[in-house]
Structure formats: C-alpha cells, structure tokens
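Dear colleague,

Please find the structure below, together with its sequence. My notes on helix packing and pockets follow.

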Amino acid sequence: MYVRKNLRLSVVWQLTRRSLLVFFLYNTFVCMLYGPLNVHVLDIPWQPVALLGTAVAFYIGFKSNGSYDRFWEGRQLWGSIVNVSRVWAIRTFDFVQPAGVAGPSPAELTDIHRRLLYRQIAWCNALRLHLRRQTAELWDTEVAPFLPSAEAAEAKSLSNPPTHLLRRQSVELRELEQRGLLSEFRQVAMMQTIQDLLNAQGGCERIKNTPFPRQFAFFSFVFVWVFAAILPLGLVEEFDSRAALGQYHVWLMVPFSALVSWVFNVIEVVGHTSENPFENDIYDVPMSSICRNIEIDIRELLQETELPPKVKAVKDVLY
C-alpha cells in the first residue's frame, strides 16, 4: 500500500510513461498529416468525439468504483482479522482455565495458551502467503516458527494450510474441554471466534479467486484507446480554425489531446491496479504489516519482551 500523501513523479511516470509517449507520437503524426501534408480528410466533427468521451468517462468510472470496492472489502476483511485475533487471545487467557483445584501447573497452562496463540499468528501468516501464492517459498520462515515441527510440515503439504490450522485449533479446543480446562459454553464461544476467522478467510478467498469481470476490464481498456485514437481527429480542425492565433496554432492540438487522453488512461489504470488487492503490489492491502502487528499484539499479551519490529514502508510502500 502506497503510504505517501502524494504520489512521487517517478511513480506516476512509471505507470503512464508508455501510454503518454504513444499519445504524443500519434497526435504528432495526425497533426503532421493535417498541417504540412494537407490531408484534411482526417478531420471529423468535434460533437461525436465529445459524446463518445462522455460515455467512456461513465464506463471507466464504473470500473474504478468496482475495483475500489474490491480493495476496500479486502481491507475491511483484514481489519476484522485483527479484531478477531485479539478476541481469540483474550478468550484464550480467560476461558482456558482449570475448573477445579486439580489442573495443570502454571507452566503447562502457559504453554497451552502460547500454543493456541502462536497457532493464531501462524494462521494469519499462512493466510497471507496463501493469498499471495507464496506458501512454498516463505513457509519455513514466516509460519513454521510458530508451530510444532510435525504440524508445520503437515500443514505445508496441504492445498489450503489456513483451513487446516483452524481445524487444528478446533481439535485442541475439544481436547481441552475433555480435560476440564474449558467449559462447554466457553468452547462454543471460542468456536464462534474460529467461525469468524473462517468467514474472513472465505471473503478473502472469494476476492482472490474471482477476478474482476474481464468483459468490464477489457472493454474499459479498449474504449479508452478508441477514444484516444479519434480525439486528435476531432480536435485538429478545432485548433486550426483559430486563425487569429497564428498559422502554427494547430500544433497546440498535440499536447492538449495528449493531456486529455492521459487523464482518461490514468483513470483506467487506477482501476486496473485496484482490481486484485492481494497480489503484493504497491497498491494492495498491506498484509505483511497487518500480520506483524497481530504478532506483536499477541506476543505482548503473552508478556514476551523480545518482539519483532513493526514493518516499515520501503520507498513509501507498506507491504
């Protein structure tokens, strides 16, 4: 996620340099044909161009709104994961307690709490890697340290590791209930927390596995470039008709037409970069930072002192 208030010119240039160069070259070519070569058959009335531009503006605006909705829903889902992770931690401490005088030692109880909470940290990181398709590369450093070795190896071999980890949480809750460390009512409450995590995971997977409808994305791109192709044909005669400003005034069509085309193209590109919020791109949901914040919160609740640093933005980008 880009965190700087204003985009750097280098970022804007990187996004739009190719299209801007194409617009300038094409508009210069049209102006050359119309002016020095006197090929006036190219010019068309301005009114149809303006009408088409209005239609294209509505269309790409619709696409941009849809793309932003996908990004914002993804960010809301990860916000809910933060909150539910905190609820899980608090319920773990308050609910997983011996019912009577006989029970595990304080050290064993602490180990149980740590295991349940570390598995939650592992689940967050596993979900992040699962959405980014990075499980094979980063599992051993991002997930495995929070799990028993056998459990980490088993989960890594499965097609959906996050689901397996939540299933393992459920199994352990049942075992704790059988040992008398968790009442039936409290087990149900903690299972509701697991259900909330599964709902958030399912929402993220729905966004990830359902691409933005290609018909909208494809025709948005096509319409913008069709408009950019006919725009100089409608503007060249308009600029040439301003004879009072000099015979070379027609060349002002080149930068003005390029500017209008660039604006339309930027709107289309902004929508395109927001379509998939879990691709680890510079405009996506900062899942690495969110997972690290969850880890810090949980480990602080465990009263650990050696905590990892928060993820910082790299070149104005928070991953």
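At what angle do the axes of helix α6 (residues 161-179) and helix α7 (residues 184-209) cross? They cross at roughly 180° and come within 10 Å. That makes α6 roughly antiparallel to α7, a term used for angles over 145 degrees.

Before going further, please note that this is a predicted model, in which local features need pLDDT of at least 70 and side-chain atom pairs count only at pLDDT 80 or more, while totals for chains, interfaces and linings use all residues. Residues are numbered from 1 along each chain as its sequence is written, and side-chain values use heavy atoms, with hydrogens and water left out.

Helices are DSSP runs (H or I, at least four residues) numbered from the N terminus. Axes are lines fitted to C-alpha atoms over the stretch in contact, with angles running from 0 to 180 degrees between N-to-C directions.

In the contact between α6 and α7 (heavy atoms within 4.5 Å), P162, T163, L166, Q169, S170, L173, R174 and E177 of α6 meet E184, Q187, M190, M191, I194, L197, L198 and Q201 of α7. These residues divide into 8 nonpolar, 5 polar and 3 charged. Here Ala, Val, Leu, Ile, Met, Phe, Trp, Tyr, Cys and Pro count as nonpolar, Asp, Glu, Lys and Arg as charged, and the others, Gly among them, as polar.

Helix α5 (residues 149-156) also packs on α6: their axes come within 8 Å and cross at roughly 140°. The two helices are therefore oblique to each other, the class left over once angles under 35 degrees (roughly parallel), over 145 (roughly antiparallel) and 65 to 115 (roughly perpendicular) are set aside. E151, E154 and A155 of α5 make this contact with P161, H164, L165 and R168 of α6. By class, the contact has 3 nonpolar, 1 polar and 3 charged residues.

A further pair is α1 and α9, whose axes lie 9 Å apart at an angle of about 145°. Among the contact residues are L15, F23 and F24 of α1 and W262, V266 and T273 of α9. The contact of α1 with α9 comprises 14 nonpolar, 8 polar and no charged residues.

Pockets

A pocket is an open set of points on a 1 Å grid over the protein atoms alone, where a 1.4 Å probe fits, with protein on both sides within 12 Å along at least five of seven lines; lining residues have an atom within 4 Å of a point. A volume is the space filled by probe spheres set on the points, which are joined across faces, edges and corners.

The largest pocket has a volume of about 340 Å³. Of its 15 lining residues, L7, V270, T273, S274 and Y283 are the closest to its centre. Two or more lining residues come from each of α1 (9-34), α2 (46-95) and α9 (253-273), and α9 gives the most, with 5 residues. The lining has 12 nonpolar, 3 polar and no charged residues.

The second largest pocket holds about 160 Å³ of space. Its lining includes N125, R128, E142, R292 and E295. The largest share of that lining, 4 residues, comes from α10. The lining divides into 4 nonpolar, 3 polar and 4 charged residues.

Yours sincerely
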